[in-house]
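Here is a briefing on one protein model.

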Amino acid sequence: MLARVLQQFLVATNLWVGLSVGAFTYLSFHRATAQDAWWYSALVALATTAGYGYMRWVQVGQGPGKQTTLGHRWFLQNRTAASLILGLSLGLSLAILYFFAGWQLILFLIPALAVVLFYPITFLHAFHAFTSLRSLPGLKLLLISACWTHLTFVVPMWMQGQPMDIFFITETLLRTLFIAALTIPFDVRDLAVDDENLKTLPQWVGTAKALALAGLGLGLYQIWWAVQFAFQRISLGEMLAGVVALEVSYHLVKGVLKNRSEMYISFWIEAIPLLLALLVLGVRWLGF
């Protein structure tokens, strides 16, 4: 009972998605003990929690019928606690930026910040068809995937002075596909409440085909881990850890066909980047 309450709290407060994204970011640093790896990963985790909290405020302001998720219901019942978590996450994010980040990094983060600010805002048919960023067909999947790839990989690579070679480009593309694959189950979850004008992938091709495409994205990313080992970019242990994590991820995503419950998707699917990070980092720390 206590475990379930904790599980629901982590999901409802957006702390779970923040932890998962932060760990996935940490994975992108080759020198994981470096100070940059710690503070930037913490920044992404805290900013994610604050960003989702901000979007919750906007959704509530748009009316009670806009969202029916666990997080939305928890927010309505615990606005003071939600405000404290949002304020603390935002305050700590700003403190990290102030003490550690330079102006170049802040400029790199502006595109993602702009998406977060404008993504949930609804315009009352200002252009007769455009109502929000989310309403443009297919844009939701692209925005989420591109933003997470930018924050969790592109920026860390820039911070480490890594060249924009073929490995950088391929990882950027396949990581985007990987994140898109993890976004699809959330679109499946929201099929009953999403406006058909959103044109999400499950609305276009159906649940089974959408999840099959998600599985394809995970499979391609799994192959990429083997390719990196073949070119001696990662160790055998890291490759095996990545392949195992992505295999588990594939079965979790496939399980959405039978289990579309909010907790299954919001907790277990959201935990996939965390699982990948923990297994690979565990292998690195053990020296395999």
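pLDDT is the predictor's confidence in each residue, from 0 to 100. This is a predicted model, so local features need pLDDT of at least 70 and side-chain atom pairs count only at pLDDT 80 or more, while totals for chains, interfaces and linings use all residues. Residues are numbered from 1 along each chain as its sequence is written, and side-chain values use heavy atoms, with hydrogens and water left out.

**Confidence**

- The protein averages a pLDDT of 87, and 88% of the residues score at least 70.
- Helices (H or I, at least four residues) and strands (E, at least two) are DSSP runs, numbered from the N terminus.
- Mean confidence is highest in helix α11 (residues 236–254), at 97. It is lowest in helix α4 (residues 70–77), at 78.
- Residues 123–131 stay under 50 in pLDDT. The model has nine contacts (heavy atoms within 4.5 Å) for this stretch beyond four places in sequence.

**Fold**

- The secondary structure comes to 13 helices and zero strands.
- The protein has 288 residues, and 50% of them count as buried. Buried means under 20% relative accessible area, exposed over 50%, and partly exposed in between (1.4 Å probe, protein chains only).
- Take the contacts between residues at least 6 apart in sequence: 70% join residues at least 24 apart.

**Salt bridges**

- Side chains of opposite charge can pair when their charged atoms come close. A salt bridge is a side-chain nitrogen of Lys or Arg within 4 Å of a carboxyl oxygen of Asp or Glu.
- The structure holds three salt bridges.
- Glutamate 171 pairs with arginine 175, with the closest N and O atoms 2.9 Å apart. Both residues lie in helix α8, four residues apart, about one turn of the helix.
- Glutamate 171 has a relative accessible area of 6%, so it is buried. Arginine 175, at 4%, is buried too.
- Arginine 189 bridges to aspartate 190, again with the closest N and O atoms 2.9 Å apart. Arginine 189 is partly exposed at 22% relative accessible area, whereas aspartate 190 is buried at 11%.
- Glutamate 238 and arginine 284 meet at 2.5 Å, N to O. This pair links distant parts of the chain: glutamate 238 is in helix α11, arginine 284 is in helix α13, and 46 residues separate them.
- Glutamate 238 has a relative accessible area of 12%, so it counts as buried. Arginine 284 reaches 25%, so it counts as partly exposed.

**Aromatic rings**

- Rings of Phe, Tyr and Trp (its six-membered ring) pair if their centres lie within 6.5 Å; planes under 30 degrees apart count as stacked, over 60 as edge-to-face and the rest as tilted.
- By this rule the count comes to 15 aromatic pairs.
- Phenylalanine 167 and tryptophan 224 form a tilted pair, because their planes are at 35°; their ring centres are 6.1 Å apart. The pair links distant parts of the chain, 57 residues apart: phenylalanine 167 is in helix α8 (residues 166–189) and tryptophan 224 is in helix α10 (residues 207–230).
- Phenylalanine 167 is buried at 18% relative accessibility. Tryptophan 224 is buried at 7%.
- Tyrosine 221 and tryptophan 225 make an edge-to-face pair, 6.3 Å centre to centre, with 85° between the planes. Both lie in helix α10, four residues apart, and both are buried.
- Phe24, Phe178, Tyr221 and Trp225 form one aromatic cluster.

**Charges over rings**

- A charge sits over a ring if NZ of Lys or CZ of Arg is within 6 Å of the ring centre and within 35 degrees of the ring normal.
- Arginine 175 lies over the face of phenylalanine 24, at 4.4 Å from the ring centre.
- Arginine 233 lies over the face of phenylalanine 167, at 4.1 Å from the ring centre.

**Tryptophan 16 and glutamate 270**

- Tryptophan 16 lies in helix α2 (residues 15–26). Its relative accessible area is 11%, so it is buried.
- Glutamate 270 sits in the loop between α12 (262–269) and α13 (272–286).
- The two residues are 254 residues apart in sequence and 7.7 Å apart in space, C-alpha to C-alpha.
- Beyond four places in sequence, tryptophan 16 touches several residues, including Leu10, Phe267, Glu270 and Leu274. On the same terms, the contacts of glutamate 270 include Trp16, Val17 and Phe186.
- Glutamate 270 is buried yet has no salt bridge. Its nearest side chain of opposite charge is arginine 189, 6.7 Å away. Here Lys and Arg count as positive and Asp and Glu as negative; His and the chain ends are not counted.
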